[in-house]
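User: Please take a close look at the packing inside this protein. Walk me through what touches what, and keep it brisk.

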Amino acid sequence: MYKASRFSPLVSVVRHTVITLPTPINISTWWNFGSLLGVCLVIQIFSGLILSLHFTAHTDLSFYVVIQSFGDVYYNWWFRAFHANGASFFFIGLYLHIGRGLYYGSYVFKEVWSVGVVILLVVMASAFLGYVLPWGQMSFWGATVITSLFSALPVIGSDVVIWLWGGFSVDNATLTRFFGLHFVLPFMVAGLAGLHLFFLHDQGSSNPLGVSSDYNKVVFHHYYVLKDLVGVCFFLGPLLGLVYFNPWLLGDPENFIEGNPLVTPHHIQPEWYFLFAYAILRAVPNKLGGVVALAAAVLVLFYMPFSPKTSIKGLSFYPGGKSLFFSMIGVFFLLTWAGSKPVEEPYVVISQVLSFLYFAYFILIGPVTRVQDKLL
């Protein structure tokens, strides 16, 4: 009796979270990405823990330890390929999850949305730190370029850069602290994900129609548990196919060359999931302005809960809003393409135009939907 009463609160929390949770009956497949991201987070933490057992955070050893462990450590190649490609799939899930939230107006739940944006920022930081660890050419120069951006901050910029580096250049101290932070941040993401779920279950899920579904709900299990499991299978299929058949498709060949501070790569660029922000950074000729634009590219999501309210949540019944949204999706893909190109004409001008269109969406979407509300 004592043990049952002792663990009953935990059992009750799990039961109300994944079994008896009232869920709108009409939510679609676009609501699967929350559970998929949870699966991705577990995969990244577990594979990262395995890789950390065979990693040495030292500039003279890291690159060779990573290469040597391919052949010397049983199935280490699989864990590294799974971890690297899992990061890409994590960001695919994140961007689709955010896109669904923008389209269906999930940002009206301020606490849920704000914690979600914080999760995005922490995941981006963790991904950047992890990209530095193999200490290849793109890792080293990527770390040098991105951390140098903090020097644009007025007054404290130079001190912040020295603190990040642990010295006067990207070196052993930098790699050591990046490894420590990369190890810790995923657990912070897990905690934030728990807070995200807490607010979500407190306020309830949205639905494709954007109307109240308080009187039309079903329990989460087994209706949506089975649906999420099917989604996980479809999500893991392409990931495993990439791991087994072309594990380095999304990587940069330069990262198979050891980091060398005396040889600069012809074209320094981050991983594909940062390219849209990288293009916005390069579109601004002023260094401080570029850093501000880079930060604003993500921080602008915090503005959405405070944008003008509409009579119906989401864009399903707003033709003008839908056109703007899908135009913004196209702009996002074009920015990703522009970020992969050299810093030269015509790509600089293209990036400037696309950056303007990207920010214009967040300014115009509220007024456009409000105008249609008045017309109706």
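Analyst: In this predicted model, Ser52 touches Phe179 and Phe183, leaving aside residues up to four places away in sequence. Ser52 is found in helix α2, residues 33-52. Its relative accessibility is 19%, so Ser52 counts as buried. The cut-off for buried is under 20%.

Next, the domains. The protein is divided into domain 1 (14-249) and domain 2 (272-375). Their C-alpha centres lie 22 Å apart. Domain 1 puts 32 residues into the contact, and domain 2 puts in 28 residues.

The largest nonpolar core has 90 residues. Within that core, Phe91, Leu102, Phe276 and Tyr358 have the most contacts. Helix α4 (residues 76-104) supplies the largest share, 14 residues. Both domain 1 and domain 2 give residues to this core, so it lies between them.

Take Tyr358 from that list. Not counting residues up to four places away in sequence, Tyr358 touches Phe276, Ile280, Ala297, Val300, Met328, Val331 and Leu335. Another core lies apart from the largest one. This other core has six residues, among them Leu149, Ala152, Leu281 and Val291.

Phe276, Ile280 and Leu281 are among the buried residues of α10.

On to a helix pair. Two packed helices are described by the angle between their axes and the distance between the axes. For α5 (residues 110-132) and α6 (residues 137-148), the angle is about 135 degrees and the axes are 8 Å apart. The two helices are therefore oblique to each other. From α5, the contact uses Phe128, Tyr131 and Val132. From α6, it uses Met138, Ser139, Gly142, Ala143, Ile146 and Thr147. The residues of this contact divide into six nonpolar, three polar and no charged.

The loop between α5 and α6 holds Trp135. Trp135 has a positive phi of about 55 degrees, although it is not a glycine. Trp135 is buried, with a relative accessible area of 4%.

Tyr75 also has a positive phi, of about 65 degrees, and it is not a glycine either. Tyr75 lies in the loop between α3 (62-72) and α4. With a relative accessible area of 38%, Tyr75 is partly exposed.

Phe302 lies in the loop between α11 and α12. At 26% relative accessibility, Phe302 counts as partly exposed. Phe302 touches Ser114, Val117, Val118 and Leu121, not counting residues up to four places away in sequence. Phe302 and Pro265 are 37 residues apart in sequence, and their C-alpha atoms are 35 Å apart in space.

Pro346 lies in the loop between α12 and α13. The peptide bond from Glu345 to Pro346 is cis, with omega near 5 degrees.

Notes. Residues numbered from 1 in each chain as written. Predicted model: local features only at pLDDT ≥ 70, side-chain atom pairs only at ≥ 80, totals over all residues. Heavy atoms only, no water. Axes fitted to C-alpha atoms, helices over the stretch in contact; angles between N-to-C directions. Helix = DSSP H or I, 4+ residues; strand = E, 2+ residues; numbered from the N terminus. Parallel < 35°, antiparallel > 145°, perpendicular 65-115°, else oblique. Contact = heavy atoms within 4.5 Å. Nonpolar A, V, L, I, M, F, W, Y, C, P; charged D, E, K, R; others polar. Core = buried A, V, L, I, M, F, W, Y, C linked by side-chain atoms within 4.5 Å. Buried < 20%, exposed > 50% of the residue type's maximum accessible area, 1.4 Å probe, protein only. Domains from an automatic or database assignment.
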